[in-house]
Amino acid sequence: METQSRMNIQQELDIVGARQLGRDIAKKIGFGTVDQARIATAISELARNIYLYAEDGQICFEVIDNLGRNGMSIISIDSGPGISDISLVIQDGYTTSGGLGAGLPGVKRLMDEFDIQSEAGSGTKIKTVKWLK
Amino acid sequence: MRIPILKLNNYLLVSIQTEIDDKTAIQFQEDLLDKIHKNGSSGVVIDLTSVEVIDSFIAKVLGDVVTMSDLMGAKVVLTGIQPAVAMTLIDLGIHLKNVPTALDLEQGLVKLYQELGE
């Protein structure tokens, strides 16, 4: 099984493609249906953020097999405008797109680990991990 | 991709059978409101049994569909939300309050009769 895959996000349909690919990988690793749905939903939110705010970016999937501790990491990378106030965007209900403002805070709750790095003008990198229990 | 909308007497029935992308969701919103208007429908059941992912955008569109139809005088009931989808929605912080729901299509129709007082 491949341990790394990536999906370019350039158009709206890539959001669906990314979450299907992510779900397939999650299933192969052995995640149950609820975690598969959590992972697919988190990918959907991350991919939509790329599409909405950065126009171009990638979602990378990595299978983690680390001394018997297995999981999956999802990394979202874009070279968009960046986020100037990270604490604001991880607040529930904050939105600049007219959405629900559930995206990033939702991803944080859906996944086990969440790390966001962003620099104004050079892009955003979000790394999330879900561990197999 | 267009989601088919079936007419049954005064009602409209929708079964979403595919992964919904954003465009399809918006198109569906328009199509459904048009059909309600053209047919003078009083109720709609949207069955989500085959839907495996409802993210914040799709949830917003579905919630909006319920409110918009309500404005036009048609009640909407959502049915068949899968356990995994329900758990994910709550994790996302989406509660879909004020949205009538039922377990399956059959109970959805019963709920619709109740909502409409028929």
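1. The crossing of α2(A) and α3(B) is right-handed, in what is a predicted model throughout. The two axes, that of α2(A) and that of helix α3 of chain B (residues 83-92), come within 9 Å and cross at roughly 45°. Angles of 65 to 115 degrees count as roughly perpendicular and those under 35 degrees as roughly parallel, and α2(A) and α3(B) are therefore oblique to each other.

2. On the side of α2(A), the contact is made by Thr33(A), Val34(A), Ala37(A), Arg38(A), Thr41(A) and Glu45(A), while α3(B) contributes Ala84(B), Met87(B), Thr88(B), Asp91(B) and Leu92(B). One of these, Thr88(B), deserves a separate look: at 1% relative accessibility, Thr88(B) counts as buried, the cut-off being under 20%. Neighbours within four places in sequence left aside, Thr88(B) is in contact with Val34(A), Ala37(A), Arg38(A) and Thr41(A), and also with Leu110(A).

3. Turning to the sheet, chain A has an open sheet of five strands in the order β1-β2-β3-β5-β4, with antiparallel pairing. Its edge strands are β1 and β4 (113-119) of chain A, each of which pairs on one side only. From one strand to the next, the twist averages 15°.

4. The pairing of β1(A) with β2(A) is antiparallel and runs over six bridges. Within this pairing, Ile9(A) stands opposite Gly57(A) in β2(A), and Ser5(A) has Phe61(A), also of β2(A), as its bridge partner. In a regular strand the side chains alternate between the two faces of the sheet. In β1(A), the covered face consists of Ser5(A), Met7(A) and Ile9(A), whereas Gln4(A), Arg6(A) and Asn8(A) make up the uncovered one.

5. Helix α1(A) lies across β1, β2 and β3 of chain A and runs at about 165° to β1(A); helix α4 of chain A (residues 103-110) lies across β4 and β5 (123-131) of chain A and runs at about 145° to β4(A).

6. The length of α1(A) can be checked against expectation: at 1.5 Å a residue, the 17 residues of this helix (residues 13-29) should span 24 Å, and the end C-alpha atoms are 25 Å apart, which agrees. After α1(A) comes Gly30(A), whose phi is positive, near 115°.

7. Which residues of α1(A) are buried? They are Asp14(A), Ile15(A), Val16(A), Gly17(A), Ala18(A), Arg19(A), Gly22(A), Arg23(A), Ile25(A), Ala26(A) and Ile29(A). These buried residues pack against β1 (4-9), α2 (33-54), β2 (57-66) and β3 (69-78) of chain A, together with α1 (22-39) of chain B.

8. A last point concerns Gln11(A), which is found in the loop between β1 and α1 of chain A. With a relative accessible area of 46%, Gln11(A) is partly exposed. Between Gln11(A) and Gly68(A) there is a separation of 57 residues in sequence and, from C-alpha to C-alpha, of 37 Å in space.

Methods. Residues are numbered from 1 along each chain as its sequence is written. Chains are lettered from A and ligands numbered from 1 in the order in which they are written. This is a predicted model: local features need pLDDT of at least 70, side-chain atom pairs count only at pLDDT 80 or more; totals for chains, interfaces and linings use all residues. Side-chain values use heavy atoms; hydrogens and water are left out. Helices (H or I, at least four residues) and strands (E, at least two) are DSSP runs, numbered from the N terminus. The expected span of a helix is 1.5 Å times one less than its number of residues. Buried means under 20% relative accessible area, exposed over 50%, partly exposed in between (1.4 Å probe, protein chains only). Contact means heavy atoms within 4.5 Å. Two strands pair if DSSP finds at least two bridges between them. Axes are lines fitted to C-alpha atoms, for helices over the stretch in contact, and angles run from 0 to 180 degrees between N-to-C directions. Angles under 35 degrees count as roughly parallel, over 145 as roughly antiparallel, 65 to 115 as roughly perpendicular and the rest as oblique. A crossing is left-handed if the near helix is turned anticlockwise from the far one by less than a right angle, and right-handed if clockwise.
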